[in-house]
Amino acid sequence: MHELSLATELVSQLSDVLIREGAREAVEIHVVIGAMSGVERVPFEFAFPVAAEGTPLHGAKLVIQEVPLKLCCVDCGRESITDDPIMVCPKCGSMGVEVIEGKELTIKSMEVR
Ligand SMILES: [Zn+2]
């Protein structure tokens, strides 16, 4: 399961932060999942507690924020939001678009105690 290895990776990163901050445990973790990150929200929500078992992150609340795919056109500079996997600029029809948001799996914040 792809999500489990991602969750394990996330837990290990967050555990390092906890130790560095001298905190005992995490209370709430905010994560951003991009529409094109390849991470499915539901399996990730299931995988997280499994990965956190036996770590200081055990029992922490996982808050997921999903962000849509955001594109920027190289030709006309127009920024657009899409859920279409075929990425075309809606203004000029150019295929020269760059993904500026939506490919990420990032930790936004963590509340510790
Ligand atoms: Zn364009």
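Good morning. Two remarks on conventions come first. Residues are numbered from 1 along each chain as its sequence is written. Because this is a predicted model, local features need pLDDT of at least 70 and side-chain atom pairs count only at pLDDT 80 or more, while totals for chains, interfaces and linings use all residues.

I begin with helix H1. Helices (H or I, at least four residues) and strands (E, at least two) are DSSP runs, numbered from the N terminus. H1 covers residues 2-21, which is 20 residues. The expected span of a helix is 1.5 Å times one less than its number of residues. Just after H1, Gly 22 adopts a positive phi of about 70°.

Which residues of H1 are buried? A residue is called buried if 20 or more other C-beta atoms lie within 10 Å of its own, exposed if 12 or fewer, and partly exposed in between, with C-beta atoms placed from the backbone. By that rule Glu 3, Leu 6, Ala 7, Leu 10, Val 11 and Leu 14 are buried. Viewed down the axis of H1, these buried residues fall within an arc of 135°, so they line one face of the helix. The arc is that of the directions from the helix axis to the C-beta atoms. An α-helix has 3.6 residues a turn, so residues three or four places apart point the same way. The other side of H1 carries exposed residues, among them Ser 5, Glu 9, Gln 13 and Arg 20.

What covers the buried residues of H1? The cover includes strand S1 (26-34), helix H2 (41-52) and strand S6.

That brings me to the cores. A nonpolar core is a set of buried Ala, Val, Leu, Ile, Met, Phe, Trp, Tyr and Cys residues joined through C-beta atoms within 7 Å. The largest one has 17 residues, and Ala 7, Val 11 and Phe 44 have the most contacts inside it. H1, S1 and H2 each supply at least two residues of this core. A second, separate core has five residues, including Leu 69, Leu 71, Cys 73 and Val 97. In soluble globular proteins, nonpolar side chains tend to be buried together.

Two residues are in contact if their C-beta atoms, placed from the backbone, lie within 7 Å. Leaving aside neighbours within four places in sequence, Phe 44 is in contact with Glu 3, Leu 6, Ala 7, Ile 33 and Val 39.

Next, the sheet. Two strands pair if DSSP finds at least two bridges between them. Three strands form an open sheet in the order S2-S1-S6, with mixed pairing. Its edge strands are S2 (61-67) and S6, each of which pairs on one side only. S1 and S2 run parallel and are joined by seven bridges. Val 31 has Ile 64 in S2 as its bridge partner. H1 packs on this sheet and touches S1 and S6, its direction making about 40° with that of S6. H2 also packs on the sheet, touching S1 and S2, and its direction makes about 160° with that of S2. For these angles, axes are lines fitted to C-alpha atoms, for helices over the stretch in contact, and angles run from 0 to 180 degrees between N-to-C directions.

I turn to strand S3, residues 69-73. Leu 69, Leu 71 and Cys 73 form its covered face, and Lys 70 and Cys 72 its uncovered one. In a regular strand the side chains alternate between the two faces of the sheet. S3 runs antiparallel to S4 (residues 79-82), with four bridges between them. These two strands form a hairpin with five residues between them, and Gly 77 in the turn has a positive phi of about 80°. Four bridges also join S3 to S5 (residues 97-101), again antiparallel. There, Cys 73 is the bridge partner of Val 97.

I close with two glutamates. Glu 79 is found in S4. Is Glu 79 buried or partly exposed? Having 13 C-beta neighbours inside 10 Å, Glu 79 counts as partly exposed. Beyond four places in sequence, Glu 79 touches Lys 70, Leu 71 and Cys 72. Glu 111 lies in S6, residues 105-112. Glu 111 is partly exposed, because 13 other C-beta atoms lie within 10 Å. Setting aside neighbours within four places, Glu 111 is in contact with Ala 26, Val 27 and Glu 28.
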